Amino acid sequence: MSLRGAWAFLTRLPGGAHPETDRDLGRSVPWFPVVGAVVGALSGTAYWALHGPLGASLAAVLAVAAGAVATGCFHEDGLADTADALGGTTRQRRLAIMKDSRVGAFGVLALVLSTLVRVFAVSSLAATDGLIALVVAHMLGRTMAVAVMGSASAAAGTGLGHSYAAHLPRAWTAAVVVLSSAVAVGLGLTGTVSLTTAAAGAALVALVARRAFGGITGDVLGATEQVTEMAVLVSAAALVSTHGWSWT
């Protein structure tokens, strides 16, 4: 299992080593939540540092942008492709649209809504609360993508099942999902609700993908991460001012 492989696959930042084979890629999957937490820390630190001098709104915009730049808009691209594909009238047409590199109206709308939700949610939080929320959101975003990857079948002809699921270390994958979930629960009521909404969002995306595409694809996993991230940030925005980040 390779942390550097997961880092290179999920980010555009230096220090990674691209997996050479499908087996290497699949075995790097348990590190995805760790990479997500680091990306969230980078994004959250930007919010924390800029909150005072620039104000919450502009700091939130730049923090969300920092996360997108760090990943090369990897997950945003998946969300846009998935949204566009849902406009197809047949399963074959939807899969064909998903493979098209061009972004259509549904994809643009999904990106705009996702960005607005995240920016407004983060901007409602104090500097430190926003930092924590972004770490948790990015960590759980990758955690739920990993959970979907390990539990849902791949759409026919997408290649996802071979490159990921066929070489997924199941025990380690389950362990990292449990560990990440435990971290969220350890943050108290806000963390627990965030985990619950994240899981619900991931389950909804997987259900839609099963009906629309016959299973999950790489783009669907990107959409899962984005939906989960939004769910966590909205939960934090609604609860953290009252309940904080711990049970005490």
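Glu-76 and Arg-118 form a salt bridge, with their closest N and O atoms 3.3 Å apart; the term means a side-chain nitrogen of Lys or Arg within 4 Å of a carboxyl oxygen of Asp or Glu. This pair links distant parts of the chain, from Glu-76 in helix H5 (residues 74–85) to Arg-118 in helix H7, 42 residues apart. Helices here are DSSP runs (H or I, at least four residues), numbered from the N terminus. This is a predicted model, in which local features need pLDDT of at least 70 and side-chain atom pairs count only at pLDDT 80 or more, while totals for chains, interfaces and linings use all residues. Residues are numbered from 1 along each chain as its sequence is written, and side-chain values use heavy atoms, leaving out hydrogens and water.

Arg-118 also meets Glu-229 in a salt bridge (3.2 Å, N to O). Together, Glu-76, Arg-118 and Glu-229 are linked in a network of salt bridges.

## How covered are these residues?

Glu-76 is buried, at 9% relative accessible area, and Arg-118 is buried at 3%. Buried means under 20%, exposed over 50%, and partly exposed in between (1.4 Å probe, protein chains only). Glu-229 is buried as well.

## A further link to helix H12

The structure holds 4 salt bridges. One of them joins Arg-142 and Glu-225 (2.8 Å, N to O). Arg-142 lies in helix H8 (residues 127–151) and Glu-225 in helix H12, so this pair ties together parts 83 residues apart in sequence. Both Arg-142 and Glu-225 are buried.

Note on methods
Helix = DSSP H or I, 4+ residues; strand = E, 2+ residues; numbered from the N terminus.
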